[in-house]
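Here is a note to read beside the coordinates. Please keep the viewer open and follow the points in order.

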Amino acid sequence: EEPQPTVVPSCPLPGKICDVVRSERPRSCCGMAMAGFRTSKYQVPEWHRRNAGVYYKAFTASEEAERGRAESQHLMKHAAASAQRAQEHSKTTLSQRLQDVHFWRVELQKEIMELDAETNLLAAQKLRLERALDATEVPYSVVIDNLECRERRQPPDLVIDEVERQLLKEADLIRDIRDLLKRTIIQATTQIRSNRIQKENCELDWSDKVETYHIDDKCVGYCTDSTNVQFHPSSVKFEENASTPKSWAQFSHDNISSAEQEKLASVQLRSLINSIIHDASEDLRMQRAAVNEAFDNRCRELDDAKLRLEQHLQQILKDIADEEANIVNLKKAIRDKEAHLKVAHTRLFDRSFRPNIELCRDEPQFRLISEVEELTVFLEALKRKLMESEQNLKNLEETRMKLEKEIAVKANSIFIDRQKCMSYRVRYPVDLEVASYK
């Protein structure tokens, strides 16, 4: 702090009041005429006082000048020493500031490189998600095709069996996996954007630190012998938007802390993506195995059912042949019984022409009547049996047609499940996790 110059308090010189004695003489006309000149002149005492004042002022000025020169010498020496100390202190402060700026610059650069590497890793995981999402299109199309093919089963076999339930479960699983992959891709895209925004903030801070380091390093090199120094009076002030050392350090600390948080979130998201792809691959593999097992079981059931139907069809065909032969035998038996009935009726008819007393209820007459009754009963029984046999033959024919239709339905179902569905499921990706790397 510069010393204040000594101030000599000013005070008026002591003055002596001189009274002029008025003349008691009567005023003359001559005196009246000279009155105007006398009023504009000093008196001798006044002249002495004025000279004394001039001498005093000169003496005071000399003393003040001598004192001022001494103070100036002291001030110059003090100012030179103070200026040198201030300059050295400023240089030391700038050097310390350079170290602080360099520290934060290195930390920011390290964080930028780590965040950039983490962003690249997350982008690679996002690419895996997109490939996995593309890989789910084939399984989904296979499942939809299986369901559509099985809709073409004929009504007796158009049932909601275990294969149908497993296929619907697989379709729901693939849709859920696709939705999960899409949401995770959006989350990864958002995280990559956040990483890049935070990286940009760190890069801006790092760039400011680099520029500040160059400025302060140039300022450290300035000295009184520098040729590129000049007056900048307008810079001797604090800017309104200037930060404090605490807020300056806190700003970089906050940037690094935010970058660390984003990096941690990115690492966790990458781990989550690995788990999602692995779990989705395992779920699809297990569900695929369950569907294939259901298809195998259903095809075996259809083969067994078709085999049993074919066996029943063979039996029905044999029964139809036997029934046709039985009908032929029944018709022949009816014709035979009708011939016997004709003979009995003819005998009775001819004996009805016996004359007079010869029209007797003799034993032959009773026997013929009994024979007719017996033959009539047998004929009715045979005719009923013939009707039953014909109805049985008709039922057997209907059963044969039903069996043949059922066999055709089973063959169609086996063709759909085995040839259409199971052969198409060979295109099913082996592993979704492996497909994500391709």
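1. **Elements.** Helices (H or I, at least four residues) and strands (E, at least two) are DSSP runs, numbered from the N terminus. On that basis the chain has seven helices and zero strands. From the N terminus on, the order is α-α-α-α-α-α-α.

2. **Ground rules.** This is a predicted model, in which local features need pLDDT of at least 70 and side-chain atom pairs count only at pLDDT 80 or more, while totals for chains, interfaces and linings use all residues. Residues are numbered from 1 along each chain as its sequence is written, and side-chain values use heavy atoms, with hydrogens and water left out.

3. **Burial.** Buried means under 20% relative accessible area, exposed means over 50%, and partly exposed lies in between (1.4 Å probe, protein chains only). The chain has 438 residues, and 27% of them count as buried.

4. **α2 against α4.** How do α2 and helix α4 (residues 162–221) pack? Their axes are 7 Å apart, at an angle of about 160 degrees. Axes here are lines fitted to C-alpha atoms, for helices over the stretch in contact, and angles run from 0 to 180 degrees between N-to-C directions. Angles under 35 degrees count as roughly parallel, over 145 as roughly antiparallel, 65 to 115 as roughly perpendicular and the rest as oblique. α2 and α4 are therefore roughly antiparallel. The crossing of α2 and α4 is left-handed, meaning that the near helix is turned anticlockwise from the far one by less than a right angle; clockwise would be right-handed. The contact of α2 with α4 has 22 nonpolar, 10 polar and 15 charged residues. In this count Ala, Val, Leu, Ile, Met, Phe, Trp, Tyr, Cys and Pro are nonpolar, Asp, Glu, Lys and Arg are charged, and the others, Gly among them, are polar.

5. **α2 against α5.** Helix α2 (residues 44–135) also meets helix α5 (residues 245–351). Their axes come within 9 Å and cross at roughly 20 degrees. α2 and α5 are therefore roughly parallel to each other. Their crossing is left-handed. The contact of α2 with α5 divides into 15 nonpolar, six polar and 10 charged residues.

6. **Aromatic pairs.** A pair of aromatic rings is described by the distance of the centres and the angle of the planes. Rings of Phe, Tyr and Trp (its six-membered ring) pair if their centres lie within 6.5 Å; planes under 30 degrees apart count as stacked, over 60 as edge-to-face and the rest as tilted. How many such pairs does a search of the whole structure find? It finds two. Phe 103 and Trp 104 are edge-to-face, at 5.2 Å centre to centre and 75 degrees between the planes. Phe 349 and Phe 353 have their centres 4.9 Å apart and their planes at 80 degrees, so this pair is edge-to-face. Phe 103 is partly exposed at 44% relative accessible area, while Trp 104 is buried at 15%. Phe 353 counts as exposed, at 58%.

7. **Charges over rings.** A charge sits over a ring if NZ of Lys or CZ of Arg is within 6 Å of the ring centre and within 35 degrees of the ring normal. Arg 97 lies over the face of Trp 248, 3.6 Å from the ring centre. The charged end of Arg 105 sits over Tyr 213, at 4.5 Å from the ring centre.

8. **A positive phi.** Most residues other than glycine have a negative phi. Asn 356 has a positive value, with phi near 45 degrees. Asn 356 is in the loop between α5 and α6 (363–424). Is Asn 356 buried or exposed? Asn 356 is exposed, with a relative accessible area of 74%.

9. **Links across the sequence.** Arg 425 is in the loop between α6 and α7 (432–435). Arg 425 counts as buried, at 3% relative accessibility. Arg 425 and Val 142 are 283 residues apart in sequence, yet 6.3 Å apart in space, C-alpha to C-alpha. Phe 295, in helix α5, counts as buried at 0% relative accessibility. Phe 295 is 129 residues from Gln 166 in sequence and 9.4 Å from it in space, C-alpha to C-alpha. Asp 116 lies in helix α2 and is partly exposed, at 29%. The C-alpha atoms of Asp 116 and Ile 192 are separated by 9.8 Å, with the two residues 76 apart along the chain.
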